[in-house]
Amino acid sequence: MINMHPTLIMLVLTISGSVAVAQPPAEPLSLWYRQPAKKWVKALAIGNGRLGAMVFGGVAQERIQLNEDTLWAGGPYDPANPDALEALQKVRELIFAGRYREAHNLVGQKMMAGPLTQMPYQCVGDLLLTFPDANGATDYRRDLNLDTAVTTVAYTIDSVRYTREVFSSPVDQVIVIALKADKPGKVTFTAGMKTPQKASVTVESRNTLVMQGVNGGSAGIAGALKYQARVAVKASGGRVATDDDQITVTDADSALLLIAVATSYKSYKDVSGDPDVLTKETIAKAGTKSFDSLLKDHVAAHQKFFRRVTLDLGTTAAASRPTDERIRDLDKDKDPQLAALYFQFGRYLLISSSRPGCQPANLQGIWNESMGPPWGSKYTININTEMNYWPAEPTNLGECVEPLVSMVMDLAESGKRTAKTCYNADGWVTHHNTDLWRATAPIDGPHWGMWPMGGAWLCLHLWDHYDYSRDKEYLARVYPAMKGAAQFFFDTLVEDPKHKWLVTCPSLSPENGHPFGTSVCAGPTMDMQILRDLFANCIRAAEILGIDEDFRKQASATRRRLAPNQIGAAGQLQEWLEDWDMKAPEIHHRHVSHLYGLHPSDQIHLRTTPELAAAARKSLEIRGDEATGWGIGWRLNLWARLHDGEHAYKILTMLLRPKRTYPNMFDAHPPFQIDGNFGGTSGIAEMLLQSCAGEIELLPALPKAWPNGSVKGLRARGGFELDVQWKDSKLVNVTVRSLAGGSCRLRYGTVTRDLNLAKGQSAQWDGLE
Ligand code: FUC
């Protein structure tokens, strides 16, 4: 066989008059392919925040794999271990005596949650559409248009052009499938459903498939949810026939399918919802609308968020090739648009998995085909959930943080019980994971679970949402949760006998073992950094709200006594209280927890703390570039904060290669984990604009590979929106709009410009003195 470039094949076929190979879609912000997906990581993801699907695009059979974001295993439960409190003092003594392994064992025996694992996120099942005699398809293409959030499958059989459009509408709360052909009477298929859940499938009213079931139990916690998926089939022309559990449409001109899914979940304490009523109502309402009006409303709701940011990093011929080939050939082709596509895909995924009113994006967003997904597809809050939300504020998707904020408000309630039961402390605490039921006790085992900082880290996102919006009403609403997180540490920080600093104990530097046979220790660097942010943000919030003077004083006094960042013998930022870094068993560990201070925090910054920044750089070099998908995503953001555009670019390239990016652009931990996508999106934004350490810095880590380009609509702290344009690797112009009124300092290299803008006012700058 002659090895011909696809573009050449297209040309030959075009000239010969029969175009059998699909052309690229008109919209450049599209993922597209010339064959159906055989594997899940090749299928295309759609979602309205709550209701998700993976669309495979098969010709003989379409598989639409469905998810709903409250269909998790189990039911309301409280896993706090009542034995924990009794062991706490002894554990602390063992740690301060350097008897770490004994402390580890005691934590394992007395302090871990019951059950030891949390509940997994699970799938709804599949809608299967079977097309008889669908052989010999030509000109096949499936694509996902990021600008409209619609996925389309199109192919030709016997001169009939078939198209299938699928989207998940945030307006009408249904997944819409339109099946069309360009000749009348050509749409014939059978619709059926299957699921690994305990459920049955029946046909109702001659045109509706109904799957109803209950969720599974896990680790001894019984399933407490009912769920229902309802598929209404409407054919234009032709005939509709049913049997027990299938609907067959024959010789129709077109067909429209609406899918509604609901569970009985109302809150982490209340599972009294009625999925039967909910899905019926949803279908009845959506069923009154035409396909065109469903589509129009869906696209408008999506574009309201998506179109706020545009990114141009330049385009080459590679951009017209199918997405899987571009990822495969990244090292051969010059393809800057792939990075822009990845950036926008991350924004698309956040809009599709985290709309207001939904659950936050979990380890897989909302996309999961399994009953027992990796790590339960939960909320791992020692990095992964936070990383999911890194791009939200900077890439102008502040509304998408709302589900995370709601979850933190729940945790502030459920974590109160854990704080009292396990530590006899006021305030609230949550450890390294949580789930739909807002479980807050330490899980999995001491090495991973004995980390009381998850809630404190999440509070950074509560503050950031204020800092980017300057919405005081919102701040007043979330402030009690921030304060409660701080109060827990007032009651549980202890004095480290050697230095007399205040430290967490027991704790650990997430998942990284120190040289003494466990990770369990006192006062790891990351904890101290998180607490410095938590206390500082509480103080600022209380000042803005004009309340809680005594609490502010206490926060400030406690903050001053925290263990400081320390530089070790290798010139590195120490990960622990003692200089253990070079003796730790895994010096190339995926987590880079002690670099939290450099990113996402700005406690360590090239300009304000240059020595610590150099030490952080050293730590990063020692850790190395290779890591899991999210590990690479974090490194990308860190190199951008170190203003090393070339190194950041190298790391970004590692993220985009097939080893870390599946053909459908999902991040490969491996397996699929969505945090790497979001870390990548955030990292690209950080290369172009940073809003930290009191300034807005333009093009701080621009790599040589992107000499010309522009980005419009990025957000900065203080309620600013910026458009930045550059040419020959130099800033040409920046437009700053103030959405809240206020001052800011812009920086380009060594040059700064101070601005004071009224609400709604904008200004321009060319970066020159
Ligand atoms: C943390 C990480 C793993 C994985 C899991 C979900 O435990 O260390 O790599 O991402 O979360």
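Hi everyone, thanks for coming. Before anything else, please keep in mind that this is a predicted model.

The largest pocket holds about 800 Å³ of space. Its lining is made up of 45 residues, and the ones nearest the centre are Asp467, Asp602, Ser691, Cys692 and Arg717. If you want to find this pocket by secondary structure, the elements that contribute two or more residues to the lining are helix 11 (454-469), helix 13 (525-545), helix 18 (675-688), strand 24 (689-692), strand 25 (695-698), strand 26 (709-716) and strand 29 (742-748). Which of the elements gives the most to this lining? That is helix 11, with 7 residues.

Helix 9 has the largest share, at 5 residues. By class, you get 10 nonpolar, 9 polar and 7 charged residues in the lining of this second pocket.

The residues around the ligand are Leu363, Trp375, Thr380, Asn384, Glu511, Arg590, His591, Trp630, His669 and Gln673. Sorted by class, that shell has 3 nonpolar, 5 polar and 2 charged residues. Which side chains place a polar atom 2.9 Å from an oxygen atom of the ligand? Trp630 does, and so does Gln673. Asn384 also has a polar side-chain atom facing a ligand oxygen, in this case at a distance of 3.2 Å.

Let's go inside. How many cavities of 30 Å³ or more does the structure hold? There are 6. The largest cavity has a volume of about 90 Å³. Among its 13 lining residues, Asp581, Ile587, His594, Ile622 and Arg623 are closest to the centre. The lining of the largest cavity divides into 5 nonpolar, 4 polar and 4 charged residues.

The second largest cavity has about 50 Å³. Its lining consists of Arg92, Tyr423, Pro452, Phe488, Phe489, Thr492, Leu493, Thr504, Cys505 and Pro506. Helix 12, residues 472-492, gives the most here, with 3 residues. The class count for the second largest cavity is 7 nonpolar, 2 polar and 1 charged.

Ser507 sits in strand 22, residues 507-508. Is Ser507 buried or exposed? Its relative accessibility is 0%, so Ser507 counts as buried. Its side chain makes a polar contact of 2.5 Å with the side chain of Asp527. The other serine, Ser619, belongs to helix 15, residues 610-623. Ser619 counts as buried because its relative accessible area is 4%, under the 20% cut-off.

Last stop, the backbone. Most residues other than glycine have a negative phi, and most peptide bonds are trans. With that in mind, here are some places to look at. The bond from Gly114 to Pro115 is cis, with omega near 0 degrees, and Pro115 lies in the loop between helix 3 (100-111) and strand 5 (125-130). The bond from His669 to Pro670 is cis as well, with omega near -15 degrees. Pro670 is in the loop between helix 17 (645-656) and helix 18, and you'll remember His669 from the residues around the ligand.

On the phi side, Asp251 is not a glycine, yet its phi is positive, about 55 degrees. Asp251 is in strand 15, residues 247-252, and is partly exposed at 36% relative accessible area. His643 has a positive phi too, about 60 degrees. You'll find His643 in the loop between helix 16 (629-641) and helix 17, partly exposed with a relative accessible area of 25%.

Technical notes: Residues numbered from 1 in each chain as written. Predicted model: local features only at pLDDT ≥ 70, side-chain atom pairs only at ≥ 80, totals over all residues. Heavy atoms only, no water. 1 Å grid on protein atoms, 1.4 Å probe; cavity = no way out; pocket = protein on both sides within 12 Å on 5 of 7 lines; lining within 4 Å. Points joined across faces, edges and corners; volume = space filled by probe spheres on them. Helix = DSSP H or I, 4+ residues; strand = E, 2+ residues; numbered from the N terminus. Nonpolar A, V, L, I, M, F, W, Y, C, P; charged D, E, K, R; others polar. Near = heavy atom within 4 Å. Polar contact = N/O pair within 3.5 Å; in protein donor to acceptor, adjacent residues only side chain to side chain. Buried < 20%, exposed > 50% of the residue type's maximum accessible area, 1.4 Å probe, protein only.
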